[in-house]
Every structure is written in structure tokens, then in C-alpha cells.
Amino acid sequence: RAAGCRFGAVSNACGAYVKAVLKAHSLAADFECQLGNDEVPATKPSPDGLLQCCASMGVQPADCVYVGDAPTDGRAAGAAGMRGVGVAWGSHDPQKLAGAFPEVVEAVRELREALLPGGAPAGSTA
């Protein structure tokens with residue numbers, strides 16, 4: 001957020017679960033849009049949820065990055081016209097992620113660099 005980034009969450013889990021997880025980690029206020037599979041026309045790999053999230057936030061998909069841990073996330077990002085970054089610390093094999101995402105990172109430090117080239121702003125915990 002210190003870098004001016006805005007956040008939305010789209011999951012193939014139900015919306016109540018998405019909201020509960022964000023709340024449990026004190027992140028609910030940081031995510032302007034929180035959507036689950038029961039709140040979108042079609043689940044990932046369809047881009048519908050990502051496009052719905054963009055519309056609700058008033059942003060263009062081409063200006064967004066979708067970070068995901070499943071091959072369906074990478075396919076949805078591509079279909080939505082977003083940059084996709086896969087994270088290899090989820091439950092999916094990194095080889096399968098590499099086939100679905102143009103970029104896969106293996107550590108939070110790598111994700112930070114992918115999202116904020118040159119590093120996070122001074123004084124940030126990003």
C-alpha cells in the first residue's frame with residue numbers, strides 16, 4: 001500500500017471464506033474487493049471474477065497483476081488481460097505453474113521484486 005498499490009481478492013472458495021480469511025489476518029480493510037466463487041458468473045480459469053473485481057475497483061485489467069498459486073489462476077489472469085505471477089509455495093507443482101503463468105516466484109522476496117522492481121519504498125514492510 002505504501003507504493004500506491006490497491007488490492008482485490010478473487011478465489012474459487014466461497015465469498016464468506018474469502019472474507020473470513022482476510023479478516024482473520026487483519027487484511028479485510030486493505031482489500032477493496034473480495035469475491036468468492038458464489039459471487040461471480042464463472043470460476044477460474046474463467047476471467048469473469050477478475051474482470052468483475054477490476055470493474056468494481058474502477059481499474060483496467062492491463063494495469064493489474066494477479067498473484068496466484070494455482071494453474072487456473074494463471075489461465076484466468078491471461079484471459080483477463082492481466083499480468084500473472086505464480087507463487088510456488090502453494091499446493092501446486094511449480095512445473096504446472098510454469099505452464100500457466102509467464103512468471104513464477106519461489107519466495108516472498110522474489111514476489112516483492114516482481115511487483116515492485118527496485119524494492120519496496122523506504123520505511124515500508126511490503
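Me: What makes the nonpolar surface patch here, and what area does it cover?

Reply: Val65, Val67 and Leu115 make that patch, and it comes to about 190 Å². Keep in mind that this is a predicted model.

Me: Why is valine 67 called partly exposed?

Reply: Its relative accessibility is 33%. Buried means under 20% and exposed means over 50%, so valine 67 falls in between and counts as partly exposed. Valine 67 sits in strand S3, residues 65–68.

Me: Why is strand S2 said to be largely enclosed by the rest of the structure?

Reply: Because 4 of the 5 residues in S2 (residues 31–35) are buried. S2 pairs with strand S1 (residues 7–10) in the parallel sense, over 4 bridges. Between S1 and S2 the chain passes through helix H1 (residues 15–24), a β-α-β crossover that is right-handed.

Me: How do you know that the aromatic pair is tilted?

Reply: The structure holds 1 aromatic pair, formed by phenylalanine 7 and phenylalanine 31, with 5.6 Å centre to centre and 40° between the planes. Stacked needs under 30 degrees and edge-to-face needs over 60, so 40° lands on tilted. The partners are 24 residues apart, phenylalanine 7 in strand S1 and phenylalanine 31 in strand S2.

Me: Which of these counts as buried and which as partly exposed, phenylalanine 7 or phenylalanine 31?

Reply: Phenylalanine 31 has a relative accessible area of 19%, so it is buried, the cut-off being under 20%. Phenylalanine 7 is at 29%, so it counts as partly exposed.

Technical notes: Residues are numbered from 1 along each chain as its sequence is written. This is a predicted model: local features need pLDDT of at least 70, side-chain atom pairs count only at pLDDT 80 or more; totals for chains, interfaces and linings use all residues. Side-chain values use heavy atoms; hydrogens and water are left out. Patches are made of residues with over 30% relative accessible area and no salt bridge: like charges are joined within 9 Å, nonpolar side chains (Val, Leu, Ile, Met, Phe, Trp, Tyr) within 5 Å. Accessible areas come from the Shrake-Rupley method with a 1.4 Å probe; for residues, only the protein chains shown count as cover. A salt bridge is a side-chain nitrogen of Lys or Arg within 4 Å of a carboxyl oxygen of Asp or Glu. Helices (H or I, at least four residues) and strands (E, at least two) are DSSP runs, numbered from the N terminus. Buried means under 20% relative accessible area, exposed over 50%, partly exposed in between (1.4 Å probe, protein chains only). Two strands pair if DSSP finds at least two bridges between them. A crossover is right-handed if, with the strands pointing away from the viewer, the path from the first strand over the helix to the second runs clockwise. Rings of Phe, Tyr and Trp (its six-membered ring) pair if their centres lie within 6.5 Å; planes under 30 degrees apart count as stacked, over 60 as edge-to-face and the rest as tilted.
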